[in-house]
Amino acid sequence: MKMNKTMKAAQIDKYSKRIEASVNEVAIPEIADHQVLIRVKAAAINPLEMLIMTGSVKLIQDYAFPLTLGNELAGVVEQVGKSVTAFEVGDDVYSRLPINQIGAFAAFVAVDASAVARMPRNLSYDEAATIALTGLTAYQGLHEELNVKSGKKVFIPGGSGSFGQMAVPLAKEAGLDVIVSGNTASRDRMRALGASEYVDYTKQDYVDVVSNVDYVIDTLGPNEFKKELGTLKRGGRLLSLRTGPNKRFAEDRQFPFWKRKLFALAGAGYDRTAKKYGVEYRFIFVRADGKQLTKITEIVEQQQIKPVLHPKRFSIDEINEALNLVATGRPEGKVIVTW
């Protein structure tokens, strides 16, 4: 391969409370037979980055250092491994990288072909980079964790952001009646995506208007937990992206016994409270899946979904400004690092 053998990558060398990465020159990765080398065009920054940097998820996934950050990207296939048949050099692709092999904040990434899908044709690289993580979270949440049935009701409190953008159309596609709470500005967009009811939190509290739903997908975290449980009918399920893992989460992932004990303890309060309400509590940590991403591509194309992006694009050298905007600021959409 005739190219410069090194590239820039945003890395950390330890877990730290400081949201700060360093931009280093590292070797361009070699690919294994089942991998593709992607030339990264755009990578999206998620709150997950902060959880990884601070060591908050090290019980779920511990990393070796130095660690190149970044969980989702869009780009072009530069090279394909010997046993890869689904992709060719020049294909426009996107991916939520496998959790144990992240590294989207780099010029090139070697990734298992099974974690990659062709990019939606209606999106730019910048837009496509924002779809994989939220799309897969919504897809796995609906179909694997909640095991949704057509004709039932789902409520997404705080669903007016980038997660709701994917979750609402995917829930609609699954035959669900979708209720969302969020800010005034997002009402029309969420209704257009398929929400049958929208609760503007500046005007009313969702507990006063939402009740008897079958499923809740929580994006707000532990402070809203009891309120959210109160909107469910008995036998319902609450799935959280934020509140914290529990015993079932550890069992589903076949963690070792000591980890199961730890997660069972950590999530015991949530499980007990859910039980009092006669509902089940689940927690999700999304994984890479190219086949599911291909289904998401179809829905994005059919419904012409266009994610909302923060107006400024950041270069790899501005990575800390971009990370801090997501950590502390109020981005006006997904924050993108471009090459």
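The model is predicted, so local features need pLDDT of at least 70 and side-chain atom pairs count only at pLDDT 80 or more, while totals for chains, interfaces and linings use all residues. Residues are numbered from 1 along each chain as its sequence is written, and side-chain values use heavy atoms, with hydrogens and water left out. Helices (H or I, at least four residues) and strands (E, at least two) are DSSP runs, numbered from the N terminus.

- Glu127 is in contact (heavy atoms within 4.5 Å) with Asn122, Lys306, Pro307 and Leu309, leaving aside neighbours within four places in sequence.
- Thr68 has its place in strand S4 and is buried, with a relative accessible area of 15%.
- Not counting residues up to four places away in sequence, Thr68 touches Ala9, Ala10, Gln11, Ile102, Gly103, Phe105 and Ala106.
- Between Thr68 and Arg253 there are 24 Å in space, C-alpha to C-alpha, and 185 residues in sequence.

**The open sheet S2-S1-S4**

- Strands of a sheet pair through backbone hydrogen bonds, either parallel or antiparallel.
- Three strands, in the order S2-S1-S4, form an open sheet with antiparallel pairing; two strands pair if DSSP finds at least two bridges between them.
- Strand S2 (22-27) and strand S4 (67-68) are at the edges with a single partner strand each, so one side of each has no neighbour in the sheet.
- Strand S1 (residues 6-12) pairs with S2 in the antiparallel sense over six bridges, and Thr6 has Ala27 in S2 as its bridge partner.

**Helix H4**

- H4 has 12 residues and spans 18 Å from its first C-alpha to its last, close to the 16 Å expected at 1.5 Å a residue; the expected span is 1.5 Å times one less than the number of residues.
- Nine of the 12 residues of H4 are buried, so the helix is largely enclosed by the rest of the structure.
- Among these buried residues are Phe163, Met166, Val168 and Leu170.
- The buried residues of H4 pack against several elements, including helix H3 (132-145), strand S9 (153-156), strand S12 (213-218) and helix H10 (290-302).
- Just after H4, Gly175 takes a positive phi of about 85°.

**Strand S12 and its partners**

- S12 is mostly covered, with six of its six residues buried.
- S9 and S12 pair in the parallel sense over two bridges, and Val154 stands opposite Tyr215 in S12.
- S12 also pairs in the parallel sense with strand S13 (residues 232-240), over five bridges, and Tyr215 stands opposite Arg237 in S13.

**The largest cavity**

- A cavity is a set of points on a 1 Å grid over the protein atoms alone where a 1.4 Å probe fits but cannot get out, and its lining residues have an atom within 4 Å of a point.
- The count comes to one cavity of 30 Å³ or more.
- The largest cavity has a volume of about 40 Å³, a volume being the space filled by probe spheres set on the points, which are joined across faces, edges and corners.
- Its lining includes Thr130, Ser162, Met166, Pro307 and Lys334.
- Helix H4 (residues 162-173) gives the most to this lining, with three residues.

Definitions and conventions: On a 1 Å grid over the protein atoms alone, a cavity is a set of points where a 1.4 Å probe fits but cannot get out, and a pocket is an open set with protein on both sides within 12 Å along at least five of seven lines; lining residues have an atom within 4 Å of a point. Buried means under 20% relative accessible area, exposed over 50%, partly exposed in between (1.4 Å probe, protein chains only).
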